[in-house]
Amino acid sequence: MQLSLGPLQYYWPRGTVFDFYEAMAATAVDTVYLGEVTCSRRHELRLSDWLDVAQLLKEAGKTVVLSTMVLLESGSDVGAMQKIAANEDFLVEANDMGAVGALAGQRPFVAGPHLNLYNAPSLRWLAEQGAMRWVAPLEMKRDDLALLQRERPAGLQTEVFVHGRLPLAFSARCFTARHRNLPKDDCQFSCLDHPDGLMLQTREQADFLVLNGIQTQSARVHSLIDAWDDLVALGVDVARISPQARHTAETVALYDALRRGALAPDAARQALLPLLPASGDGQPDCNGYWHGRPGLERVETSHAVPA
């Protein structure tokens with residue numbers, strides 16, 4: 001199974017982004033997704049900069065995929081998406097149906113996790129449009145994925161989001177700016193102050209969600225590290241790790257040790273826990289969706305895959 005590094009969800013300074021991907025070039029990750037997927041106001045890097053990063057990673061032997069934005073809100077957003085779709089050097093991940101339309105019949109592409117692909121007819125249609133890989137929806141449970149794996153079109157790869165705070169929703173409103181009583185159009189790039197997002201707590205001081213500009217994330221880190229045997233048994237082709245401000249390289253190393261058989265799943269999880277941001281209730285990770293439970297729950301993995 002290959003390891004991929006998903007697109008950067010947060011807003012980091014330009015130098016931090018370049019340093020991060022230089023470090024990622026030395027890791028065991030096979031595929032790296034690049035580009036701004038969250039908010040069009042994030043301008044630390046332009047497309048030309050992302051292409052420079054892509055070239056650096058390509059020279060390091062990585063497969064590079066350029067990701068399009070999830071929520072297109074203006075004509076300029078559409079134009080930016082079309083420029084990415086038109087590039088001839090790198091594969092593209094389509095994160096909305098507009099991008100699918102720009103890529104369909106033109107070149108192979110990756111169908112991103114926000115396209116709402118829940119059944120075999122949808123997978124067949126995407127494959128007919130040119131999709132060579134699909135990323136399962138974040139809330140898809142193991143049993144449903146097992147069914148789709150049996151019915152997916154030949155040649156269509158499956159990728160699963162296995163690590164990171166889950167991007168649950170996108171809105172036209174910027175929650176980070178609202179937190180500072182700022183309008184979205186004059187947000188003063190507040191997201192730069194929160195390299196892993198802004199934690200939202202309940203009145204009882206329990207961690208609830210993470211605000212990341214127009215994106216809402218899970219407070220806990222979703223992790224399937226101890227469900228690796230499930231992923232292998234299901235025939236998953238690619239396991240996606242989402243970047244975080246700290247310990248991404250160490251996280252990749254743990255998943256790499258797991259796939260090489262150098263570390264058992266339970267031991268890998270125990271090694272991973274200290275690398276995760278602490279939560280108010282002492283439970284930093286979750287895997288509920290995988291087991292058909294509320295996403296914020298932590299369920300002990302049974303390693304039993306449906307026949």
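Partly exposed means a relative accessible area between the buried limit, under 20%, and the exposed limit, over 50%. These views come from a predicted model.

**View 1. Asp30 and Arg259 meet in a salt bridge.** The N to O distance is 2.7 Å. Asp30 sits in the loop between α1 and β2 (31-34), while Arg259 belongs to helix α9 (residues 248-259). The pair links distant parts of the chain, 229 residues apart. Asp30 has 23% relative accessibility, so it counts as partly exposed. Arg259 is also partly exposed, because its relative accessible area is 25%. Side chains of opposite charge can pair when their charged atoms come close.

**View 2. Asp49 pairs with Arg14 in a salt bridge.** Their closest N and O atoms are 2.9 Å apart. This pair, too, links distant parts of the chain: Asp49 lies in helix α2 (residues 47-59) and Arg14 in helix α1 (residues 14-24). The two residues are 35 residues apart. Is Asp49 buried or exposed? Asp49 is buried, because its relative accessible area is 10% and the limit for buried is under 20%. Arg14 has a relative accessible area of 37%, so it is partly exposed.

**View 3. Glu297 and Arg293 form a salt bridge through their side chains.** The N to O distance here is 3.0 Å. Glu297 is partly exposed, with a relative accessible area of 24%. Arg293 is partly exposed as well, at 45%. Elsewhere, salt bridges that share partners join five residues into one network: Asp226, Arg269, Asp285, Arg298 and Glu300. In the whole structure, a search finds 18 salt bridges.

**View 4. Helix α6 (residues 142-151) has buried residues.** They are Arg142, Leu145, Ala146, Leu148 and Gln149. What covers them? The cover includes two helices named α5 (120-129) and α8 (228-233). It also includes the strands β6 (131-135) and β7 (157-170).

**View 5. Leu145 belongs to the largest nonpolar core.** This core has 65 residues. Which of them touch the most other members? They are Tyr21, Leu34, Trp134, Leu145 and Val160. Leu145 is also one of the buried residues of α6. Leave aside its neighbours within four places in sequence, and Leu145 is in contact with Trp134, Ala136, Met140 and Thr158, among others. Val160, Leu234, Val236 and Trp290 are also in contact with Leu145.

Notes:
Residues numbered from 1 in each chain as written. Predicted model: local features only at pLDDT ≥ 70, side-chain atom pairs only at ≥ 80, totals over all residues. Heavy atoms only, no water. Salt bridge = Lys/Arg side-chain N within 4 Å of Asp/Glu carboxyl O. Helix = DSSP H or I, 4+ residues; strand = E, 2+ residues; numbered from the N terminus. Buried < 20%, exposed > 50% of the residue type's maximum accessible area, 1.4 Å probe, protein only. Contact = heavy atoms within 4.5 Å. Core = buried A, V, L, I, M, F, W, Y, C linked by side-chain atoms within 4.5 Å.
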